[in-house]
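Please keep the sequence and the coordinates at hand while reading.

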Amino acid sequence: SGAGKSTLLRILQFLEPATEGRMLFDGTVLSYPVPLQTLRRVTTVFQRPLMLDRSVRENVLFGLRLRGRGDVATAAALLDRVGLAHLAGTSARTLSGGEVQRVALARAMALSPDVLLLDEPAANLDPANVALVEALIRDEQRRGTTTILVTHNTHEARRLAQRTLLLLDGRPIEEGPSAAFFNAPTNPRTRAFLA
């Protein structure tokens, strides 16, 4: 807590500019305001996703409709993929926490983002839902989606991340390939954190 994870996500979501340094996207330095076509390439799933007061299907379709598409078949396929096809017509506000998280992932995946930002996507979920959410994240990674995962759970990071960054007190402490990060950290603070 207080390490700077939320601030980093807000910068990566283009919600606020960094106070120093620069951000590159596809090799191009970004300036504000960020062009709409770049904004649309990044999608976020928050730790506590908000559900619209609509059906599960309409929640998945929401981002598509904002982009002028209303592909019901895409929504149906995604709901099947996240194991919620049977709840398509149900009010999204009646879902359990694990179901809400899966609907939020389906809504994000419907947009086929180039970058998927995930803020504690499996926090407070039971083991079955953790496994399902992690499988969905791995599917997106296999599809070539750049996935940035914020987590307190080192086991989850070890299972999902190709590269790992440790933030402490608003500063990056260590970053690198996950195998090296977890098995042979170079920074004493990283070693202490992982111990």
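Predicted model: local features only at pLDDT ≥ 70, side-chain atom pairs only at ≥ 80, totals over all residues.

**Nonpolar cores**

The largest nonpolar core comprises 33 residues. Within this core, the residues with the most contacts are Val 45, Val 56, Val 60, Leu 79, Val 82, Leu 95 and Val 103. Two or more residues come from each of helix H3 (56-66), helix H4 (72-81), helix H5 (97-110), strand E4 (115-119) and helix H6 (127-142). The greatest contribution is that of H5, which supplies eight residues.

Leu 95 illustrates how parts of the chain meet here. When neighbours within four places in sequence are set aside, Leu 95 is in contact with Val 56, Leu 87, Val 100 and Val 103. Another core, of 11 residues, lies apart from the largest one; Leu 30, Val 42, Val 115 and Val 150 are among its members.

How many of the 14 residues of H5 are buried? The number is 13, and the helix is accordingly described as mostly covered. The length of H5 agrees with expectation, because 14 residues at 1.5 Å a residue should span 20 Å and the end C-alpha atoms are 20 Å apart. Just after this helix, Ser 112 adopts a positive phi of about 45°.

H6 has 16 residues, and the distance from its first C-alpha to its last is 22 Å, close to the 22 Å expected at 1.5 Å a residue. Its buried residues are Asn 129, Val 130, Val 133, Glu 134, Leu 136, Ile 137 and Glu 140. Viewed down the helix axis, the buried residues of H6 fall within an arc of 155°, so they line one face of the helix.

**Aromatic pairs**

The structure contains two aromatic pairs. In general, such a pair is described by the distance of the centres and the angle of the planes. The table gives these values.

| Ring pair | Distance of centres | Angle of planes | Arrangement |
|---|---|---|---|
| Phe 14 and Phe 25 | 6.1 Å | 70° | edge-to-face |
| Phe 181 and Phe 182 | 5.0 Å | 80° | edge-to-face |

The pair of Phe 14 and Phe 25 is classed as edge-to-face because its planes stand at 70°, and the cut-off for this class is over 60 degrees.

**The E6-E7 hairpin**

Strands E6 (residues 163-168) and E7 (residues 171-177) run antiparallel and are joined by six bridges. Together they form a hairpin with two residues between the strands. Leu 168 stands opposite Arg 171 of E7. In the turn, Asp 169 has a positive phi of about 55°.

**Further backbone features**

Asp 26, found in the loop between E1 and E2, has a positive phi of about 55° although it is not a glycine. Glu 120, found in the loop between E4 and H6, likewise is not a glycine and has a positive phi of about 50°. Are these residues buried or exposed? Asp 26 counts as exposed, at 64% relative accessibility, while Glu 120 is buried, with a relative accessible area of 8%.

Finally, the peptide bond from Tyr 32 to Pro 33 is cis, with omega near 0°. Pro 33 lies in the loop between strand E2 (28-29) and helix H2 (36-39).

Notes
Residues numbered from 1 in each chain as written. Heavy atoms only, no water. Pairing = 2+ DSSP bridges. Helix = DSSP H or I, 4+ residues; strand = E, 2+ residues; numbered from the N terminus. Core = buried A, V, L, I, M, F, W, Y, C linked by side-chain atoms within 4.5 Å. Buried < 20%, exposed > 50% of the residue type's maximum accessible area, 1.4 Å probe, protein only. Contact = heavy atoms within 4.5 Å. Phe/Tyr/Trp six-rings, centres within 6.5 Å; stacked < 30°, edge-to-face > 60°. Expected span 1.5 Å × (residues − 1). Arc of directions from axis to C-beta.
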